[in-house]
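Work through the exercises below with the sequence and the model side by side. Try each task before reading its solution.

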Amino acid sequence: MSEYDYDLFVIGAGSGGVRAARTAAATGARVAVAEDRYLGGTCVNVGCVPKKLYSYAAHFHEAFEDASGFGWQLAEAPRFDWSTLRDNKIGEIKRLNGIYGRLLDAADVRLINERARVVDAHHVEVGGETVSAEKILVAVGGWPWTPDFPGKEFAVNSNQVFDLETFPERFLVLGGGYIAVEFASIFNGLGSEAHLVYRGELFLRGFDQQVREFTRDEMAKKGVNLHFEANIEAIEKVEGGLAVTLTSGEQLEVDAVLAATGRRPHVEGLGLEALDVTRTESGHLAVNERFETSVPSILALGDVTGGPELTPVALAEAMQLVRHHFEPGEPAPLDYRHIPTAVFCHPNIGTVGLSEEQAREACGEIRVYAADFRPMKHTLSGSSERCLMKLIVDDESDVVVGAHMVGEEAGEVIQGIAVAVRAGLTKADFDATVGIHPTGAEEFVTMRTPTRR
């Protein structure tokens, strides 16, 4: 018998924590999980899931407008009810919370609904008791961060924006990452006068430049008011709303402000400082390829370690961690290359592999294939929305090193393309693939002439 109460004690029941707990338990390990907030973590409760539901809701606005060109006549102008969307979302999240609880129970993992604190390398204090564990896994994710400026208390963060009491007819987002562009699009689609304020010259830093510029133009065309090279100087509560002063001198009056300015590791109060667990300059927990911190019995994965902040990455890391610590043999290192991702702004972005700029630096000579077109659907809808598809090819090897799309269901399309990029297929392989007609996705296998080199 082990000298410890548990083989693995997990702090945080988000996607990564739950997957690690269940997978470890399947090997015969004795596992417990502590969670003081909600099962499923950020993704299920205040991230991917509710965001996608709200994105679906926002798309109906355009669908109603598009329908008339196809012969559909609505009896009356459609009306949006915020409380219905919000409350239905709450019901769906509760259902998912229950599923996560049942998954842990079925795996014979003990769930403790309390915030845990690490006492030492092998002990955790939780719910008034101290338990011992051979290994302790920190999987607490991140927490929204808002910069300091006068009136910051009047802004909501990305955890709070889903449950606003009333619908904001005028909505302002501060930030330039995934969350910022997504919520600017969502509230614009739901009917708000939407503003996006970003301190840089263009949002989505790190994405392909052509993708960024194309998305900027499409979002503006849909009615999102973009304010680049500006920041919030102050927010003041006034009669009828919030007065926002920008560093550019511009003043806007809105009903709600979302500070989508990033997330930081949610490690305060965990007791890690007393153990002198090493943290990076950004405040994340430093780990090796075995997910061990500077205290080897304390492990960490997911957003708290500063890698790609994506749910599928946390899931992959959880399974890799179990391979290292609870299964025989030494697994091959986790491959973080070619991780596909999507941004659910309107239109959607899907991307995998290298941007054009990264490819020029990494490969030298490249070929770029790009198609910018009006989708077939909009020949009758009357919408001016356009779609961008792009392949980046290493000229010497002919390998497709990057694929990018901005358009309807881009995430769905790029998920399939990601398999090809991950497998190292060549442009000749793409060219030899018969397309599905008529679809937008067939452009990925019919582009023959390089746009540029």
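**Exercise 1: a loop arginine**

Task: In this predicted model, find where Arg-386 lies, then decide how exposed Arg-386 is and what Arg-386 touches.

Solution.
1. Locate the residue. Arg-386 sits in the loop that joins helix H9 (378–381) to strand S20 (387–394).
2. Classify the exposure. Buried needs under 20% and exposed needs over 50%. Arg-386 has 30% relative accessibility, so Arg-386 counts as partly exposed.
3. List the contacts, leaving aside neighbours within four places in sequence. They are Phe-214, Glu-218, Lys-221, Asp-372, Phe-373, Arg-374, Pro-375 and Val-406.
4. Pick out the polar contact. The side chains of Arg-386 and Asp-372 make one at 2.7 Å.
5. Check a distance. Glu-165 is 221 residues from Arg-386 along the chain, and their C-alpha atoms are 35 Å apart.

**Exercise 2: a kinked helix**

Task: Describe the span of helix H10 (residues 410–422), its kink and its buried residues.

Solution.
1. Compare the span. H10 has 13 residues, and its first and last C-alpha atoms are 17 Å apart, close to the 18 Å expected at 1.5 Å a residue.
2. Find the kink. H10 bends by about 30°, centred on Gly-416.
3. Collect the buried residues. These are Ala-410, Ile-414, Ile-417, Ala-418, Ala-420 and Val-421.
4. Relate spacing to direction. Residues three or four places apart in an α-helix point the same way, because each turn takes 3.6 residues.
5. See what lies over the buried residues of H10. The cover includes strands S18 (349–353) and S21 (400–406), and helices H11 (427–432) and H12 (443–446).
6. Look just past the helix. Gly-424 has a positive phi of about 75°.

Conventions:
Residues are numbered from 1 along each chain as its sequence is written. This is a predicted model: local features need pLDDT of at least 70, side-chain atom pairs count only at pLDDT 80 or more; totals for chains, interfaces and linings use all residues. Side-chain values use heavy atoms; hydrogens and water are left out. Helices (H or I, at least four residues) and strands (E, at least two) are DSSP runs, numbered from the N terminus. The expected span of a helix is 1.5 Å times one less than its number of residues. The bend at a residue is the angle between axes fitted to the seven residues ending there and the seven starting there. Buried means under 20% relative accessible area, exposed over 50%, partly exposed in between (1.4 Å probe, protein chains only). Contact means heavy atoms within 4.5 Å. A polar contact is a pair of N or O atoms within 3.5 Å; within protein, one must be able to donate a hydrogen and the other to accept it, and residues adjacent in sequence count only if both atoms are side-chain atoms.
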